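Dear colleague,

I am handing over the structure below. My notes on what was found in it follow.

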Amino acid sequence: LDGTAKYALVHGRPGKVNHFQGLMVDWAYRIHWRSMFGYNLIRALGPTTSAKSTVNRQLAFIFALPHFYRDAVETANTHSYAAPFVPQDGASIELHRAHIPDNERQNFGATEALRILLRNRIPPEWIDHAYPYGVAYLDQHFFGQSQLIDTFTEIDDERIARLQQYGTPPAIAAWDGWREITTDERYMIYAQHSEDDFFERPPAEHNGFYYPIGADILRERLWNRAYPSPQSPHTAPEAENTTNVVVSISSLAVPTTSAPPTSTNPEVHSPELLDTSRVPSPFVESTNVEHDVEMTPLPESVNPTHQSTKSLP
């Protein structure tokens with residue numbers, strides 16, 4: 001995590017041409033560890049084909065929706081004929097990178113993203129911990145111009161509804177907090193500013209979104225979205241209206257067949273969690289991943305405390 005964070009701060013911070021999406025960086029040039037964790041997890045699981053951006057977006061949506069992955073795990077254990085879901089644990093884990101052919105990316109949605117996480121036996125605690133990555137991913141797309149703004153709006157509305165129902169996803173304490181900038185990194189950024197001044201071009205900070213120092217980064221509302229008035233049809237549901245909101249992520253999934261979507265919005269479809277034991281594995285690569293920095297081991301996985309009887313549509 002630390003090595004990636006160092007490179008991201010100097011070469012991929014907000015406003016850079018090739019900035020790393022989903023990273024929370026404040027005006028003290030600190031990177032939040034939870035967003036860095038989410039970025040590295042997606043980087044380890046996502047494909048290397050042109051479908052990369054589609055897969056990353058769907059995984060980021062799952063990270064941004066509180067309790068969504070826990071609901072999916074519960075549903076998989078209830079309706080799957082395969083062995084019960086057992087999360088990976090320990091300092092050394094094995095992850096399988098997804099392989100999504102270029103011609104299949106239009107059919108990739110929430111169901112396929114969930115399969116990636118379930119087949120890799122990703123602990124629910126990890127998805128909870130990566131929540132800030134999903135929030136920053138949404139916030140950054142509201143900061144700039146996005147062709148999928150309607151999709152991001154629907155996801156954010158769902159995020160707020162789930163926050164009101166389940167609360168903010170908890171962090172893994174040993175991997176929480178801000179990473180402080182080092183002296184070497186600060187001098188590298190100063191050098192970049194000097195180069196920008198010489199060529200009379202605006203620095204990255206003029207084009208990127210940075211969090212205020214000491215601000216509540218996990219507040220309910222995003223920093224860059226202009227929320228509508230209560231009379232607007234796109235207003236996020238209030239808490240009392242979220243009783244039946246468990247996995248109503250109509251804004252995520254796409255059909256699992258090769259048939260073209262019937263919706264006018266190719267990003268919006270109803271999800272269907274299939275029996276993953278009957279679906280061909282989308283993975284072709286296997287990578288042993290070990291921590292290259294000292295970290296406290298994850299706590300032992302436990303069953304979700306929320307024993308809901310509700311299931312995915």
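The secondary structure comes to 9 helices and 4 strands, taken as DSSP runs numbered from the N terminus (helices H or I, at least four residues; strands E, at least two). Along the sequence the pattern is α-β-α-α-α-β-α-α-α-α-β-α-β.

This is a predicted model, in which local features need pLDDT of at least 70 and side-chain atom pairs count only at pLDDT 80 or more, while totals for chains, interfaces and linings use all residues. Residues are numbered from 1 along each chain as its sequence is written, and side-chain values use heavy atoms, with hydrogens and water left out.

Of the 313 residues, 50% are buried (under 20% relative accessible area, 1.4 Å probe, protein chains only). The largest nonpolar core has 67 residues, and Y69 and I122 have the most contacts inside it. Such a core is a set of buried Ala, Val, Leu, Ile, Met, Phe, Trp, Tyr and Cys residues joined through side-chain atoms within 4.5 Å. Beyond its neighbours within four places in sequence, I122 is in contact (heavy atoms within 4.5 Å) with L41, L45, Y69, F85, L95, L117 and I127.

Helix α3 (residues 52–64) and helix α5 (residues 110–119) have axes that come within 9 Å and cross at roughly 80°; the axes are lines fitted to C-alpha atoms over the stretch in contact, with angles from 0 to 180 degrees between N-to-C directions. That makes α3 roughly perpendicular to α5 (65 to 115 degrees). V55, Q58, L59 and I62 in α3 meet A110, A113, L114, I116 and L117 in α5.

Regards

Conventions
Angles under 35 degrees count as roughly parallel, over 145 as roughly antiparallel, 65 to 115 as roughly perpendicular and the rest as oblique.
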